[in-house]
Every structure is written in structure tokens, then in C-alpha cells.
Amino acid sequence: MKKRYVPITIACGLLALLALGGQFAPAPSEELPVRLRMDNKGGDVVFAHSRHVDYVDKMGGDCVRCHHESDRPTLSPLPCGSCHATEFDAKFTADHQTDLPAETCTQCHHAELGKLVYSHDDHAEMYASSCTDCHHGEDIEPEPGACNQCHGETADGDTPSLRDAVHAKCESCHTDMYEKKLDGCNECHELLPGKADGPQPTCNSCHYDTDATPLPHRMDSFHDQCMKCHEEVGAGPYGEKSCTRCHTR
């Protein structure tokens with residue numbers, strides 16, 4: 001065989017293999033899952049999805065009874081963990097706007113921060129008694145520099161992120177501003193209304209109204225939703241002694 005035909009032969013062979021693989025590879029299922037297995041420290045849960053779909057249908061309900069985002073069956077519902085965290089800790093607070101998937105409500109119903117209103121000269125002349133009121137001492141930085149010279153977008157070991165470092169330093173002086181919580185943000189930040197055209201809920205509808213977390217923890221959201229439904233119909237597992245009816249141990 002002439003050398004010039006070798007690349008063509010190889011390419012044709014690869015295309016033939018791809019075509020053969022596509023012929024025998026199983027196509028993605030267009031059916032809703034019959035059952036799901038969910039990992040859990042208390043014992044994996046085998047969830048009979050198809051049976052629950054039938055139950056909900058007989059009760060005159062739809063998918064939104066369990067899934068918040070859709071009243072029609074879908075093969076790619078949002079995982080509960082997209083919004084319901086295992087812990088609403090400092091990391092969740094810092095990352096939630098960027099970590100939540102694009103399909104969640106926060107992409108429209110979440111105020112955004114615009115231009116930062118800050119005057120270095122005003123702070124130096126009117127508020128600070130010395131540079132070290134805001135900047136580190138000579139043992140950390142020989143000469144005062146910009147915060148982002150050491151603090152990045154995320155924390156690095158014992159060095160906090162730029163946002164956390166600046167907020168902590170500002171709060172040490174502007175306690176009155178921070179006592180207002182979200183209502184105090186607009187004293188430094190321009191608050192934008194978010195992406196939706198309609199009326200926006202207030203920030204405090206999720207944040208700071210109470211000491212409670214804005215959403216149930218992941219375990220609580222599963223337990224409350226599942227057990228509440230079972231208790232309403234008076235069937236299936238609910239109550240403190242029914243764990244083994246869902247969990248494998």
C-alpha cells in the first residue's frame with residue numbers, strides 16, 4: 001500500500017469503529033428512573049422513584065410536590081444538595097452565589113453588588129490615626145500596600161480571602177454599619193436589583209430575619225418532606241422509629 005493511503009485508511013478505520021460503537025452502545029434512557037440509590041452515612045437509601053410518581057399522581061399532585069423547580073417530569077432535576085447544604089457554615093456563606101447552579105432562583109432573585117464606594121484619602125484624613133489602623137504593621141508588610149498583594153479571591157492557608165480580610169478590618173472600626181447587617185451594605189457598595197424584570201424580594205427575606213438558616217439542612221429537608229407526606233396519608237415510614245424502612249442499616 002502506498003504511504004499516502006495510510007492516513008486515509010487509519011481515519012476510515014477509526015470512523016468505522018465509532019459507528020460500530022454507536023450501534024451497540026445503549027442510548028440514554030428517556031424513561032424516568034424506577035429507583036434511586038442515595039449514599040448516606042446512616043445507611044444508603046434505596047428510593048422507589050416510580051412508585052412515588054404513581055402515588056403523587058393518584059393524589060392529584062405533580063413533580064413539584066417533591067422537586068421545587070418543575071411541575072413536569074424531567075430527566076435532570078436539580079439535586080437537593082444544590083441548595084440544601086449539609087452545613088450552612090462560613091464556606092457556604094462565602095461561596096453560595098457562585099456555587100448555586102444557574103437554574104436556581106438566586107440567579108434572578110438575588111441582589112448584586114455594584115461599584116464599591118470607598119475613598120482612601122477620606123479614611124486617611126478623617127478616620128485613621130495611623131496607617132496601621134487599616135494596614136498591617138512592619139512585621140508583616142514593611143510598607144503599606146494594596147490588600148490584594150497578599151489576599152486573593154480565596155483563602156490560602158492562614159491567609160483569609162480578600163473579601164473576608166477587608167470585611168473583618170472594616171468591621172473593627174465601622175461597628176455601627178455592620179450592626180445594620182444587609183441594610184448597611186449600601187454604605188460601601190452600590191446594590192443592584194438582580195437580573196429579573198419583576199419585583200425583587202428583599203434581601204432580608206432570606207438573610208438575617210431570624211437566627212435560623214435560610215433553608216433547611218439537607219438531612220432535614222429530606223426528612224421533613226418525606227415524613228410529612230407519609231404522615232399525611234397515614235402510610236409508609238414516618239416517626240422516629242422508622243429509620244430502617246428507608247436506610248439499609
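Let me start with contacts in the protein chain, a contact being heavy atoms within 4.5 Å. Among those between residues at least 6 apart in sequence, 48% join residues at least 24 apart. The model is predicted: local features need pLDDT of at least 70 and side-chain atom pairs count only at pLDDT 80 or more, while totals for chains, interfaces and linings use all residues. Residues are numbered from 1 along each chain as its sequence is written, and side-chain values use heavy atoms, with hydrogens and water left out.

Now the elements. The protein chain has 7 helices and 4 strands; these are DSSP runs numbered from the N terminus, with helices being H or I of at least four residues and strands being E of at least two. From the N terminus, the order is α-β-β-α-α-β-α-α-α-β-α.

Next, the surface. The protein chain exposes about 19,600 Å², with carbon and sulfur atoms supplying 57% of that area. Accessible areas come from the Shrake-Rupley method with a 1.4 Å probe, and for residues only the protein chains shown count as cover. Of the 249 residues, 14% count as buried. Buried means under 20% relative accessible area, exposed means over 50%, and partly exposed is in between, with a 1.4 Å probe and protein chains only.

How many salt bridges does a search of the whole structure find? There are 3. In general, side chains of opposite charge can pair when their charged atoms come close. The salt bridge cut-off is a side-chain nitrogen of Lys or Arg within 4 Å of a carboxyl oxygen of Asp or Glu.

Arg65 is partly exposed at 35% relative accessible area.

Another is Asp44 with Arg37, at 3.3 Å between the closest N and O atoms. Asp44 is buried, at 16%, whereas Arg37 is exposed, at 55%. Then there is Glu187 with Lys180, where the closest N and O atoms are 2.8 Å apart. Glu187 counts as partly exposed at 39%, and Lys180 counts as partly exposed at 45%.

On to His151, in the loop between helix 4 (120-127) and helix 5 (162-171). Is His151 buried or exposed? His151 counts as buried because its relative accessibility is 12%. Leaving aside residues up to four places away in sequence, His151 touches His136, Thr159, Pro160, Ser161, Leu162 and Ala165. A polar atom of the His151 side chain lies 2.8 Å from the backbone oxygen of Pro160.

Finally, the cysteines. A disulfide is a covalent bond between the sulfur atoms of two cysteines. The cut-off is a pair of cysteine sulfur atoms within 2.5 Å, and the search of the whole structure finds 0 disulfides. Cys147 is partly exposed, at 40%. Cys243 is in no disulfide either, the nearest cysteine sulfur being that of Cys246, 8.5 Å away. Cys243 is partly exposed, at 43%.

Terms used
Polar contact = N/O pair within 3.5 Å; in protein donor to acceptor, adjacent residues only side chain to side chain.
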